[in-house]
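Dear colleague,

Please find the structure below, with the sequence alongside.

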Amino acid sequence: MSITVLPLPDDKLKPLPDPDAALPFGQIFTDRMYTHEWTEANGWGDAKIEPYGPLSLDPSTSVFHYAQEFFEGTKAYRRPDGNINLFRTIENCKRFNQSARRAVMPEVDIEHHFEAIRKLVELENRWVPNGAGQSLYIRPTMIATAPRLGLKPGGSYLHFVILSPSGAYFVDGFNPVSVYISDEFVRAVPGGTGSVKMGGNYAAAIYVAQQVYDKGYHQVLYLDGIERKYIEEVGAMNIAFVMNGKHIVTPKLSGSILPGITRKSVLEMAPDLGYTVSEERIDINDIVKGLETGDVTEAFGMGTAAVIAPVDKFGWKGKDLVVGAGGVGPVATNLYTTLTDIQYGRIADPYGWTHTIEVA
């Protein structure tokens, strides 16, 4: 399947962000976008890379009323030699289709999807920043576009990809974040959509996130939706704990936890750095006890946007539980350094996770 690249005159190019200014996350967008439409009558139509711009949708469009949509998130990184690395993007393409199946939306050809991202990044290579902690965030999305009311699948869909030069997800970069443990609200339940990247999962978390922010915390840690005692994930990332400085444990996938690609990378990479790893059903009471005794020496989030986010304290039932010494621990530091060195091409990639785009 070919991709048509529509012309973009030089006088229509946007100015690049000031390299000396702080780069926000997800607020600046590049000159071009990828679009691909699907209809019941014709299936997938012509794929295009065209100038970035607004979408024209009828007020009755399905996505506005029934939230039939999903998305992905991956990044492109500027290498020291000036070329660009994509990181495990094929895994995002596979997960994109997992979401499509759960949302009863058309799947995409994985190789074509990857090529669309690669080609778009190649064309927009001037937007890939080279500042510390900066990258080009890639957001593939699919939305239901049928102009009709009524809760049913089908009609028409739009698959698009946009790019955003971004700084660190957390404004303080690789520094500790505080997390409030919620035993009142849940993120997802088994049989729901917690294991796929549907926007409704995140929309439902905004209310809790705002409450937690008002309490002085950065993020929310959710427990399971049935017993309210087993740890699931943080609103914006997966979670892991370090036991006695050497063993990394993370909640096992339950059907209501997103199978994060950064999570997967940590589990695959950590043994090579000298750590043992396990995926378990983690009781919050065991973690609280471990924080109090010192057996839990570190905790950190894992996600595409934040990469590795050390946690310095948890809020739980009206009190703060400090993690270890309260700063950034050695395990999180080692994982973050090694992972980002691979992503940015500062060290060799022994896992074959990166795809390099050569630019002039």
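The largest pocket is lined by 30 residues, and those nearest its centre are Tyr 169, Tyr 202, Gly 235, Ala 236 and Met 237. The space in this pocket comes to about 610 Å³. Two or more lining residues come from each of β7 (135–144), α4 (199–214), β10 (219–223), α5 (261–269) and β15 (296–303), and α4 gives the largest share, four residues. By class, this lining has 17 nonpolar, nine polar and four charged residues.

This is a predicted model, in which local features need pLDDT of at least 70 and side-chain atom pairs count only at pLDDT 80 or more, while totals for chains, interfaces and linings use all residues. Residues are numbered from 1 along each chain as its sequence is written, and side-chain values use heavy atoms, with hydrogens and water left out.

On the terms: a 1 Å grid is laid over the protein atoms alone, a cavity being a set of points where a 1.4 Å probe fits but cannot get out, and a pocket an open set with protein on both sides within 12 Å along at least five of seven lines; lining residues have an atom within 4 Å of a point. Grid points are joined across faces, edges and corners, and a volume is the space filled by probe spheres set on the points. Helices (H or I, at least four residues) and strands (E, at least two) are DSSP runs, numbered from the N terminus. Ala, Val, Leu, Ile, Met, Phe, Trp, Tyr, Cys and Pro count as nonpolar, Asp, Glu, Lys and Arg as charged, and the others, Gly among them, as polar.

The second largest pocket, with a volume of about 310 Å³, is lined by 13 residues, and Tyr 169 is one of those that lie nearest its centre.

In one of them, Arg 32 meets Glu 124 at 2.6 Å, N to O; the two are 92 residues apart, with Arg 32 in strand β2 (residues 32–39) and Glu 124 in the loop between α3 (110–123) and β7.

Best wishes

Key: A salt bridge is a side-chain nitrogen of Lys or Arg within 4 Å of a carboxyl oxygen of Asp or Glu.
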